[in-house]
Amino acid sequence: MKATWQERFAEFPDVLRSEARLRTAIPIQDFEVGGDEFITFAGPCSVESERQLLSTAEHVRSAGARVLRGGAFKPRSSPYSFQGLGVEGLKLLARARRLTGLAVVTEVMSECDVQLVAEYADILQIGSRNMENYSLLAAAARSGKPILLKRGMVATVTDLMRAAQCILSFGNPNVMLCERGIRTFETTTRNTFDVAAIAILKRVSHLPVICDPSHASGDRELVPALARIGVAAGSDGLIVEVHPSPDEAWSDGEQSLDFDGFDAMMADLEPWIALGKTVRCGEAAMKQVEVAQ
Ligand code: PEP
Ligand code: MN
């Protein structure tokens, strides 16, 4: 007989959904990730300047975002690319939070920086390249901050769940799983958006799932369609790159939406989000499927 999903992922008991733990809603400021509200995280790939960050923060807030994203420490594959503003970037993020009321998510790349980043961020982002950096996972977990765990670009769903189990086992229950595309033989898009992973994670885990159509596609023209697909697959939220002038961005400009593009994407997503919510709230139905397995 075919093994159930719960049996297949039995190694990660804390990540698995059960009757006692159908879903985890993570409190952030005055809202929750993984609760009834679909949460949008938006902002530039990198923090570049006060003007760039504050104008973006203002804009995405007015269009419905709850969380401002922006990298201060950037994992760049070339040593000659912009590496991020570091502490200066964190300070700008904190200023944007004060002025707009948005929560802040930003990447922490090294265990040595966890305390510093945790002083400024509401949510710590563990990037794709660090999903299996277990000493970083441990340090981030121990900070007590909620964690956005991005799937490694060559990580399986099992690997992602293993990394999440690791954070949970260090006593931090507030983990969000992020599908941001994986490497495959397909090179037309920057990565291949693994929507089945979203459906599986929603099926087997109580943790919130966030999709990242920006890194999944690498192309701003595709971002709205991938966002819709991510929402329809059951995501609890999305993280999307937005820049006042994408062609001048210091990183990931090709996949960043401008303000009008972000507004259009959000307007377009509304009916899909409403539908997703209904599905997500159908816990009685999901419970029945679980019992039937
Ligand atoms: C980012 O969010 O800008 C980023 C570098 O993401 P990832 O780790 O998914 O590549
Ligand atoms: Mn980026």
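1. A residue counts as near a molecule when one of its heavy atoms lies within 4 Å of it. With that cut-off, 13 residues sit around ligand 1, and Arg69, Ser128, Arg129, Lys150 and Arg180 come nearest.

2. Some housekeeping. This is a predicted model, where local features need pLDDT of at least 70, side-chain atom pairs need 80 or more, and totals for chains, interfaces and linings use all residues. Side-chain values use heavy atoms, without hydrogens or water, residues are numbered from 1 along each chain as written, and chains are lettered from A and ligands numbered from 1 in written order.

3. On to the ligand's oxygen atoms. A polar side-chain atom of arginine 180 lies 2.7 Å from one; for arginine 129 the distance is 3.0 Å, and for histidine 215 it is 3.1 Å. Taken alone, ligand 1 exposes 300 Å² (Shrake-Rupley, 1.4 Å probe), and the protein buries 97% of that.

4. The shell around ligand 1 splits into 7 charged, 4 polar and 2 nonpolar residues. Here Asp, Glu, Lys and Arg count as charged, Ala, Val, Leu, Ile, Met, Phe, Trp, Tyr, Cys and Pro as nonpolar, and the others, Gly among them, as polar.

Notes:
A polar contact is a pair of N or O atoms within 3.5 Å; within protein, one must be able to donate a hydrogen and the other to accept it, and residues adjacent in sequence count only if both atoms are side-chain atoms.
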